[in-house]
Amino acid sequence: MSGDRNVVITIDGPAASGKSSTAQWVAEKLGFRHVDSGSLYRALTAALLRQGAPPERWTPAVMTGQGSRVALRPEPTSFLTLIDGVPAEEEIRGTLVTSHVSLVARVPEVRAWVNARVREAAQDHDVVVDGRDMGTAVFPEATLKIFLIADPWERARRRLAQRLERGATEEEIAAETALLVQRDARDATQTVQAKDAVVLDTTYLTQAEQVERIVALARAVSHEA
Ligand code: C5P
């Protein structure tokens, strides 16, 4: 897809709605680069946790001060998240980071820092960007905006299937659903559906079907432009 301006596809939605993996797959199909805004919130949180100071002492200045330790390294269709110059993908997806990240993401100064990094990453490339508010706060003029939703039980089941590599029990899914719904509540203010977003309910779709729909929408929109 070509033109004067870079193409920007935003994929927003609640926790575990499949945004990141879908965005990565769409980027590969279209030859775009995937920018995962959540990875920046996670990397700042991991850097804070590494320092060892208790979360009560994480002032906005301390939080954004970690920014100089965090970087995105471009790969052909994605970015690697680095902390202190070293890839930290596994660490930033751990449960300790996940349980602290909303605390960090709530801070306006942190949001401004992340949004600036995401804009930089999207500067000279066609991109698929995923997060909570990419279609509103960062790219209100995006070429295509998707808002992914799915039933919480199904989101919990998918997340556990990924983590455990076996079928989860009903009890495990119930416990994970409760955690997800809590995180949805903590993230509610920053999760914003753009008025011009296409809402895709993925509860009964396979990931391949979600990806096909988004790719088809991207092609339709860019033919119109
Ligand atoms: O998408 P992911 O689960 O990796 O995001 C981690 C956390 O980062 C979310 O729970 C949310 O608190 C925050 N986040 C955000 N705005 C974004 C992306 C992520 O507040 N655009």
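Trainee: Which residue of β6 is the bridge partner of Arg-33?

Mentor: Strands are DSSP E runs of at least two residues, helices H or I runs of at least four, both numbered from the N terminus, and two strands pair if DSSP finds at least two bridges between them. Here the partner of Arg-33 is Val-127 in β6, and β2 (residues 33-36) pairs with β6 (residues 127-131) in the parallel sense over 4 bridges. This is a predicted model, in which local features need pLDDT of at least 70 and side-chain atom pairs pLDDT 80 or more, whereas totals for chains, interfaces and linings use all residues. Residues are numbered from 1 along each chain as its sequence is written, and side-chain values use heavy atoms, with hydrogens and water left out.

Trainee: Are the faces of β2 buried or exposed?

Mentor: Buried means under 20% relative accessible area, exposed over 50% and partly exposed in between, with a 1.4 Å probe and protein chains only. Arg-33 and Val-35 on one side of β2, and His-34 and Asp-36 on the other, are all buried.

Trainee: Which residues does Val-118 contact, leaving aside its neighbours within four places in sequence?

Mentor: Contact means heavy atoms within 4.5 Å, and on that basis Val-118 touches Val-35, Ser-37, Leu-40, Val-129, Met-134, Val-138 and Phe-139.

Trainee: How far is the polar side-chain atom of Ser-37 from a nitrogen atom of the ligand?

Mentor: A polar contact is a pair of N or O atoms within 3.5 Å; within protein, one must be able to donate a hydrogen and the other to accept it, and residues adjacent in sequence count only if both atoms are side-chain atoms. For Ser-37 the distance is 3.1 Å, while a polar backbone atom of Arg-132 lies 3.0 Å from a ligand nitrogen.
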